[in-house]
Structure formats: structure tokens, C-alpha cells
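Let's walk through this model together, one question at a time. Have a look at it first.

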Amino acid sequence: MSAHDLEGFFHTQLVKHGVNYDLAAKAAKILASGKPDELLTAEEKHLATEVCQQWSKQRQCIERLNSLL
């Protein structure tokens, strides 16, 4: 999968699980870059962490709701 395709995949998954569109786009670009943590700025690390935590919470919520149905 190319970096562009990977970025699109991450963006879609983040938005699908309730992450703000613009934040998801920024985080997807960071995640798809494949840079190790050491090469990311503090701002990039913070944004990626925040967005991934939000995605995880939303995903868990959706899974719990689906299990009830």
C-alpha cells in the first residue's frame, strides 16, 4: 500500500469512528509518514496520541453498542 493510500485509509477510519475531519487528516498524514517517534515534533506526537485515543474510545463505544444489538 502506498503512503497516499495508507493516509486515506487512516483518515477514513478515524473519521468513521468520530474523529474531527481536519484533525483526522493531520493525524493520518503523520501516521502514514512512517517516521519513527524520535523524528516527530512534540506537536506531531501530541496530535497523533490525542487523535488515536479519541479513535480508540469511540471504537470501544461502538463495539459495546453493537454487542448489545
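Q: How many helices and how many strands does the protein have?
A: Quick caveats: this is a predicted model, where local features need pLDDT of at least 70, side-chain atom pairs count only at pLDDT 80 or more, and totals for chains, interfaces and linings use all residues. Numbering starts from 1 along each chain as its sequence is written, and side-chain values use heavy atoms, leaving out hydrogens and water. Helices (H or I, at least four residues) and strands (E, at least two) are DSSP runs, numbered from the N terminus. From the N terminus the elements run α-α-α, and the tally is three helices and zero strands.

Q: Are α1 and α2 parallel, antiparallel, perpendicular or oblique to each other?
A: Axes here are lines fitted to C-alpha atoms, for helices over the stretch in contact, with angles from 0 to 180 degrees between N-to-C directions. The axes of α1 (residues 3-16) and α2 (residues 21-33) come within 8 Å and cross at roughly 140°. Under 35 degrees counts as roughly parallel, over 145 as roughly antiparallel, 65 to 115 as roughly perpendicular, and the rest as oblique. The α1 and α2 pair is therefore oblique.

Q: Which residues of α2 meet α1?
A: Contact means heavy atoms within 4.5 Å. On the α1 side you'll find A3, L6, E7, F10, H11, L14 and V15. Facing them in α2 are Y21, A24, A25, A27, A28, K29, L31 and A32.

Q: What is the orientation of α2 and α3 to each other?
A: These two pack at an angle of about 115°, with their axes 9 Å apart. L23, K26, A27, I30 and L31 in α2 meet E44, L47, A48, V51 and C52 in α3. Going by that angle, α2 and α3 are therefore roughly perpendicular.
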